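Subject: Structure for your files

Hello,

Below is the structure you will be working with. Please have it open while you read the notes that follow.

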Amino acid sequence: MKKKPSRQYRWQQKQIALNRCARCGAERTHYAILCDACHIADRIRQQERSGSRPWQKGKRGRPPIVPLPEKKAALL
Ligand SMILES: [Zn+2]
């Protein structure tokens, strides 16, 4: 018999279907799963963990859909 998905996972799937953030439940605009604030917070956390620097014009990589805030703490 197939195991029932967890309560948390079912809540996340419901939020995604309702066009809301799967983490905080806020309205989603640019990204598929998270709201802009959660997505930018994730990006900053990953950059600090891996030691990579933010995207810059004229350098490698795709520009972010939503640019980083001038002050990192502004959106968090
Ligand atoms: Zn969120």
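**What was found**

Leaving aside residues up to four places away in sequence, Ala22 touches Gln12, Gln15, Ile16, Ile33 and Leu34; two residues are in contact if their C-beta atoms, placed from the backbone, lie within 7 Å. Ala22 itself sits in the loop between H1 and H2. Ala22 has 19 other C-beta atoms within 10 Å, so it is partly exposed. The cut-offs are these: a residue is buried if 20 or more other C-beta atoms lie within 10 Å of its own, exposed if 12 or fewer, and partly exposed in between, with C-beta atoms placed from the backbone. From C-alpha to C-alpha, Ala22 and Gln8 are 9.7 Å apart in space and 14 residues apart in sequence.

Before going further, note that this is a predicted model, in which local features need pLDDT of at least 70, side-chain atom pairs count only at pLDDT 80 or more, and totals for chains, interfaces and linings use all residues. Residues are numbered from 1 along each chain as its sequence is written.

**The chain as a whole**

The protein chain has two helices and zero strands. Helices (H or I, at least four residues) and strands (E, at least two) are DSSP runs, numbered from the N terminus. The radius of gyration of the protein chain is 15 Å, well over the 11 Å that the globule rule gives for 76 residues, so the chain is more spread out than a compact globule. That radius is taken over C-alpha atoms, and the globule rule is 2.2 Å times the number of residues to the power 0.38. Along the principal axes, the C-alpha atoms fill a box of roughly 50 × 25 × 20 Å. Of the 76 residues, 8% count as buried. Among contacts in the protein chain with a separation of 6 or more, 23% are between residues 24 or more positions apart.

**The helices and the loop between them**

Just after H1 comes Asn19, with a positive phi of about 60°. This is a positive value in a residue other than glycine. Asn19 lies in the loop between H1 and H2, and it counts as exposed because it has 9 C-beta neighbours inside 10 Å.

Ala32 is in that loop too, and with 8 C-beta neighbours inside 10 Å it counts as exposed.

Not counting residues up to four places away in sequence, Leu34 touches Cys21, Ala22, Arg23, His39 and Asp42. Leu34 and Arg20 are 14 residues apart along the chain, and their C-alpha atoms are separated by 7.5 Å.

H2 has 15 residues and reaches 21 Å from its first C-alpha to its last, close to the 21 Å expected at 1.5 Å a residue; the expected span is 1.5 Å times one less than the number of residues.

**After H2**

Gly51 follows H2 and has a positive phi, near 80°. With 6 C-beta neighbours inside 10 Å, Gly51 counts as exposed. Gly51 and Arg20 are 31 residues apart in sequence and 30 Å apart in space, C-alpha to C-alpha.

Regards
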